[in-house]
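Hi,

Here is the structure we talked about. My notes on it follow below.

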Amino acid sequence: MKNPFRNLREIQRDIGDIAVQLTHVQFVSSGGSASWRPALNAFRCNDQFIVCLELGGVERSAIEVRAEARRLVIRGTRPLPEPACNEPPALHVLALEIDHGPFERLLELPADVEPDRVTAELRNGLLWIKLPLRPQG
């Protein structure tokens, strides 16, 4: 005798598989730490160091730059980029790869700088920091 509920069980299994696929989220993690590290380029010129950090999506007011004689510390926070409220709400997350939350970068400098003369400018998602070298003498 053929089982009349066999097709029903197959349908339930298929619906379960579809539900798992719809709720599947792809995460790329940088190790699960509480903070992330923005990419950084650093250069030494004749009379200064120039440092550039990639900080797209970070407001200037959320960035702290602290310079010491031989060290530069940059801290801040980037909010989670999400769709605006006036857009249709997200049904599920397909990927969540953009780092967000608190960040910190520490750069040890090979020569003394003048912390009082350090300048920083945020342009097109890049933070440019100029650290004038302390005159020798």
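In this predicted model, D112 and R70 pair through a salt bridge, N to O at 2.9 Å. The pair ties together distant parts of the chain, 42 residues apart. D112 sits in the loop between β7 and β8 (119–123), R70 in the loop between β4 (63–68) and β5. Both partners are partly exposed: D112 has 26% relative accessibility, R70 has 42%.

E104 and R75 form another salt bridge, with the closest N and O atoms 2.4 Å apart. This one links strand β7, which holds E104, to strand β5, which holds R75, across 29 residues. E104 is partly exposed at 37%, and R75 is partly exposed at 29%.

E114 pairs with R117 at 3.0 Å. R117 is partly exposed, at 48%. R66, E68, R71 and E108 are joined in a salt-bridge network. Over the whole structure, the search finds 9 salt bridges.

R105 deserves a look. It lies in strand β7 (residues 101–108). R105 is buried but has no salt bridge. The nearest side chain of opposite charge is E104, 8.7 Å away. What does the side chain of R105 have a polar atom close to? The backbone oxygen of P38, at 2.7 Å.

On the surface, L80, V93 and L96 make a nonpolar patch, about 190 Å² of accessible area together. L80 is in the loop between β5 (71–78) and β6 (95–96), and is partly exposed at 32%.

Cysteines: the disulfide count is 0. C45 is partly exposed, at 33% relative accessible area. C52 is buried, at 7%.

Best wishes

Methods:
Residues are numbered from 1 along each chain as its sequence is written. This is a predicted model: local features need pLDDT of at least 70, side-chain atom pairs count only at pLDDT 80 or more; totals for chains, interfaces and linings use all residues. Side-chain values use heavy atoms; hydrogens and water are left out. Patches are made of residues with over 30% relative accessible area and no salt bridge: like charges are joined within 9 Å, nonpolar side chains (Val, Leu, Ile, Met, Phe, Trp, Tyr) within 5 Å. Accessible areas come from the Shrake-Rupley method with a 1.4 Å probe; for residues, only the protein chains shown count as cover. A salt bridge is a side-chain nitrogen of Lys or Arg within 4 Å of a carboxyl oxygen of Asp or Glu. Helices (H or I, at least four residues) and strands (E, at least two) are DSSP runs, numbered from the N terminus. Buried means under 20% relative accessible area, exposed over 50%, partly exposed in between (1.4 Å probe, protein chains only). A disulfide is a pair of cysteine sulfur atoms within 2.5 Å. Lys and Arg count as positive and Asp and Glu as negative; His and the chain ends are not counted. A polar contact is a pair of N or O atoms within 3.5 Å; within protein, one must be able to donate a hydrogen and the other to accept it, and residues adjacent in sequence count only if both atoms are side-chain atoms.
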